[in-house]
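I opened this notebook to record what I looked up about ring pairs, charges and ligand contacts. The entries follow in the order in which I made them.

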Amino acid sequence: MLDYGLQRLSQMIYDFCGLNYKERLASLKEKLSKRIMELGFSYEDYYMYIQRNPSEWEVLVELLTINETYFYREENQLHECCSVILPKLRTSFRNRPLRIWSAACSTGEEPYTLAMLIQETGRFSPGTVEIIGTDINKKVLQKAEKGWYHQSSFAFRRIPTNLLHKYFDVENEGYQIKPSIKRMVRFQQLNLLNQQQMALLGEVDVIFCRNVLIYFDQETIKTVIRSLYRKLAPGGYLFLGHAESITDMDLGFQKVDAAKTFYYRKEPDQDETIRCVSSR
Ligand SMILES: C[S@@+](CC[C@H](N)C(=O)[O-])C[C@H]1O[C@@H](n2cnc3c(N)ncnc32)[C@H](O)[C@@H]1O
C-alpha cells in the first residue's frame, strides 16, 4: 500500500537537497526505518516532526548521503588542475590568492589531495592558494577537519606511498595529515541546493564537484550547474566525475579535452580574450 507520509518525505528531501528518492520509496524506507522506530513515529509523524525540528535534517542527511571517497581519486584531473591550470591562472592573477572549491568533499580526501599536489609542484608559496571544502553532511566535515584516517580505511586505496609518507604523520592506528597541508584547506557546511548558503561563498577559480551529481535528476543537475557557473570567475574551470557529463546541456561551459581526462571552462571575460589573442 502507498504510504502517503513516505511520499511527502521523499518530496521534501528532494526539495531540500536534491536527493531523489521519489521513485525509490522502498530504499528510502530502508534507510529511515531505524530512526522511525527509535522515535516511535509513523512516516507522516516524522514528516511533521522535521517541520518543527529543523535540526533533525542533520540526522536525515547522515542517513541518506553516500560519502565514499579516497585520496588521489581520478588522478589525471588532479594533476591537470595542479600542474597545468593553476600555474596558468597564477600568471593572470598575481595579486590575489587562487581559490579552489571542493564542493561535496565528504571526509576531505579530495581537497587534501589537491593541497598535497599543489605543494608537490613547488610553484606556490603559502597563502597563494586557498582550498574550500564543503559538504551538506556535518558529520563528514568534522572528520575532514580532524584530518585523521584509519590505516586500513578506504581513503588510502590509491595514494602513492611517497605522498603518504611525505604528507602524513603516523598516529595511533592511522595517519594524521600534516599541519602544512591542513592549513591550506578550510571546511564549511554547504547545501548545493541552498541559494542563501551559496551566496555566502565568494567567487572561485576552480570547482571540483565530483560524484555527487549522480544522485540528482536532470532538473537538479541543471540547477546546480547554473549555480556553480555563477560562482566561477570568468575563465574559471569545473571538474565533474567521469560519469557526470554535461556536454549536451548547453549551460554556458566549454568542454576542454586534455590528456586522459576532460573538464569544463567558463568563458573568459572580454579583456582576457583580447589579451590572449594579442599575445599570440
Ligand atoms: C560520493 S561523495 C563524493 C566525494 C568526493 N567529491 C569524491 O568525488 O570523492 C558525495 C558527497 O556529496 C554530498 N552531498 C549530497 N547531496 C549534497 C548537497 N545537496 N549539497 C552538498 N553536498 C551534498 C554527500 O554528503 C557526500 O559526502
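I took a polar contact to be a pair of N or O atoms within 3.5 Å. I also noted at the start that this is a predicted model. With that cut-off I looked up D135 and found one of its polar side-chain atoms 2.6 Å from an oxygen atom of the ligand. I then turned to R73, where an N or O atom of the side chain is 2.8 Å from an oxygen atom of the ligand. For C17 I recorded a backbone N or O atom that lies 3.0 Å from a nitrogen atom of the ligand. How much of the ligand's accessible area does the protein cover? On its own the ligand has 610 Å² of accessible area, and the protein covers 99% of this. I listed 20 residues around the ligand, and those that come nearest are T69, R73, A104, D135 and N211.

I counted 18 aromatic pairs in the model. I examined F71 with F156, a stacked pair with 5.5 Å centre to centre and 20° between the planes. I located F71 in the loop between α4 (56–64) and α5 (75–92), and F156 in the loop between β3 (148–150) and α8 (161–167). This pair links distant parts of the chain, its members being 85 residues apart. Are these two residues buried or exposed? F71 is buried, since its relative accessibility is 0%, and F156 is buried at a relative accessible area of 11%.

I next recorded F71 with F168, an edge-to-face pair at 5.3 Å centre to centre with 85° between the planes. Here too the pair links distant parts of the chain: F71 lies in the loop between α4 and α5, F168 lies in strand β4 (residues 168–171), and 97 residues separate them. F168 has a relative accessible area of 4%, so I marked it as buried. Which residues do ring pairs link into a cluster? I wrote down F71, Y149, F156, F168 and Y175.

I found that the structure holds ten salt bridges. One of them joins the side chains of E62 and K139, at 3.8 Å from N to O. I placed E62 in helix α4 and K139 in helix α7 (residues 138–146), 77 residues apart, as a link between distant parts of the chain. E62 is partly exposed, with a relative accessible area of 36%.

I also looked up K178 and D169, whose side chains meet in a salt bridge of 2.9 Å, N to O. K178 is partly exposed at a relative accessible area of 25%, and D169 is partly exposed at 31%.

For K255 I noted a salt bridge with D257, with the closest N and O atoms 3.3 Å apart. K255 counts as partly exposed at 38% relative accessibility, whereas D257 is exposed, at a relative accessible area of 60%. Elsewhere I traced one network, in which salt bridges that share partners join R35, E38 and E56.

Conventions:
Residues numbered from 1 in each chain as written. Predicted model: local features only at pLDDT ≥ 70, side-chain atom pairs only at ≥ 80, totals over all residues. Heavy atoms only, no water. Phe/Tyr/Trp six-rings, centres within 6.5 Å; stacked < 30°, edge-to-face > 60°. Helix = DSSP H or I, 4+ residues; strand = E, 2+ residues; numbered from the N terminus. Buried < 20%, exposed > 50% of the residue type's maximum accessible area, 1.4 Å probe, protein only. Near = heavy atom within 4 Å. Polar contact = N/O pair within 3.5 Å; in protein donor to acceptor, adjacent residues only side chain to side chain. Areas by Shrake-Rupley, 256 points an atom, 1.4 Å probe, with all protein chains shown as cover. Salt bridge = Lys/Arg side-chain N within 4 Å of Asp/Glu carboxyl O.
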